[in-house]
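Reader: Please show me the structure, and then take me through how to read its features one at a time.

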Amino acid sequence: MVISDSPTKIKNPGASSDPNQQAANAVDGSPTTCYRSKNTTGNNIKVYLNQPAAVNVIRIYLPKGKVKFDADISLKTFPTTSVPCTSYERYLEENQWVTLECQNNERPADYVYIRDTSSQANILAVCEMEVYVKDDAWCKNSPELFIPNGRLEVSRNKATLRCLEGFKARDNTRVVCEKNSWSGPNLQCEEILCDAIVGNETLVGGEWLIEGNARKLSVGIKRKLVCRSDYHIEGKPQIVTCFKNGTWSRTSATCVENKSDKQDRLRIIGNYEGILHSFFRSIINIDCIS
């Protein structure tokens, strides 16, 4: 499950063994300060919810090392009833957040507690706790939307569209949960295409050819500069790539007309103009003699 909403407020942390009065460190907002129990068995720490609510997710920041515990919740009943959320056992290579899901829990709880279940004496260490609860804006089921080339990241009251690489959201990116029902605009992912023109100027004397058999200027497509026989390439690189933001990779490559070809044409034109000039002069002389 993707957690992107704010955690609920928690208060009054307490522990079964708290030699240095450190229980508050587990809810002070800083993962660098931790609660550590005595080296005994059956250690636990609990935190109260600011107001009763159905617990959905518990996140705990744990120091590296071997951990084994149960995460339980206390339901708001009389007498108080405790139900298991989940169990966790692992060796952590580094300090990290651990996410625990309390599935199928719809009943409001008063508090959450973490209970060490090691068979031998052990130190229970918790550096930070966050609790996420369901409220009136919670939708029980995920939105039943199939979006080609995209996926939804669902939290307690909103679903955000994430398009696959090479695609972008057409207009909107989110639907929301209102009174246990999803509502919002039509979500679509459209393919990102690069412009037909490479660079800022229209190319003269050549063409940017698409490599391969691609028919669209999609992300990842490459184009190679090819100049006509009377032009040559100046600048580099000669191959550009369509980036995922819809722009071509930078290049200074362009087609420049060959000077020798241009001089030959100018010479031919000059000679032709000279012949015409001589021809018209001869006609004028003949007319004058007549």
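**Strands, burial and disulfides**

Author: Arg151 has Arg162, in β11, as its bridge partner. Before going further, note that this is a predicted model, where local features need pLDDT of at least 70, side-chain atom pairs count only at pLDDT 80 or more, and totals for chains, interfaces and linings use all residues. Residues are numbered from 1 along each chain as its sequence is written, and side-chain values use heavy atoms, with hydrogens and water left out.

Reader: In which sense do β10 and β11 pair, and over how many bridges?

Author: In general, strands of a sheet pair through backbone hydrogen bonds, either parallel or antiparallel. Strands (E, at least two residues) and helices (H or I, at least four) are DSSP runs, numbered from the N terminus. Two strands pair if DSSP finds at least two bridges between them. Here β10 and β11 (residues 158-163) are antiparallel, with five bridges.

Reader: Which strands form the open sheet, and in what order?

Author: The order is β10-β11-β13-β14, four strands in an open sheet with antiparallel pairing. At its edges are β10 (150-154) and β14 (182-183), each of which pairs on one side only.

Reader: Is Gly65 buried or exposed?

Author: Burial is read from relative accessible area: buried means under 20%, exposed over 50%, and partly exposed in between (1.4 Å probe, protein chains only). Gly65 has 15% relative accessibility, so Gly65 counts as buried. This residue is found in strand β4 (residues 65-75).

Reader: Which residues is Gly65 in contact with, leaving aside its neighbours within four places in sequence?

Author: Contact means heavy atoms within 4.5 Å. With those neighbours left aside, Gly65 is in contact with Arg90, Tyr91 and Leu92. Arg90 lies 25 residues from Gly65 along the chain, and the C-alpha atoms of the two are separated by 8.3 Å.

Reader: How many disulfides does the count come to?

Author: A disulfide is a pair of cysteine sulfur atoms within 2.5 Å. By this rule there are five disulfides. One of them joins Cys34 to Cys127, with an S to S distance of 2.0 Å. That pair links distant parts of the chain, 93 residues apart: Cys34 is in the loop between β1 (10-15) and β2 (35-36), and Cys127 is in the loop between β8 (125-126) and β9 (128-134).

Reader: Why is the disulfide of Cys34 and Cys127 right-handed?

Author: The torsion about the S-S bond is about 85°, so the disulfide of Cys34 and Cys127 is right-handed. As for burial, Cys34 is buried at a relative accessible area of 15%, and Cys127 is buried at 2%.

Reader: What is the handedness of the link of Cys85 and Cys102?

Author: With -100° about the S-S bond, the link of Cys85 and Cys102 is left-handed. This pair links distant parts of the chain, with Cys85 in strand β5 (residues 81-92) and Cys102, 17 residues apart from it, in the loop between β6 (96-101) and β7 (109-116). The sulfur atoms of Cys85 and Cys102 are 1.9 Å apart. Cys85 is buried at 13% relative accessibility, and Cys102 is buried at 3%.

Reader: Where are Cys163 and Cys189 in the chain?

Author: Cys163 and Cys189 form a disulfide, with sulfur atoms 2.1 Å apart. Cys163 is in strand β11 and Cys189 in strand β15 (residues 189-191), so the pair links distant parts of the chain, 26 residues apart. Cys163 counts as partly exposed at 24% relative accessibility, whereas Cys189 counts as buried at 13%.
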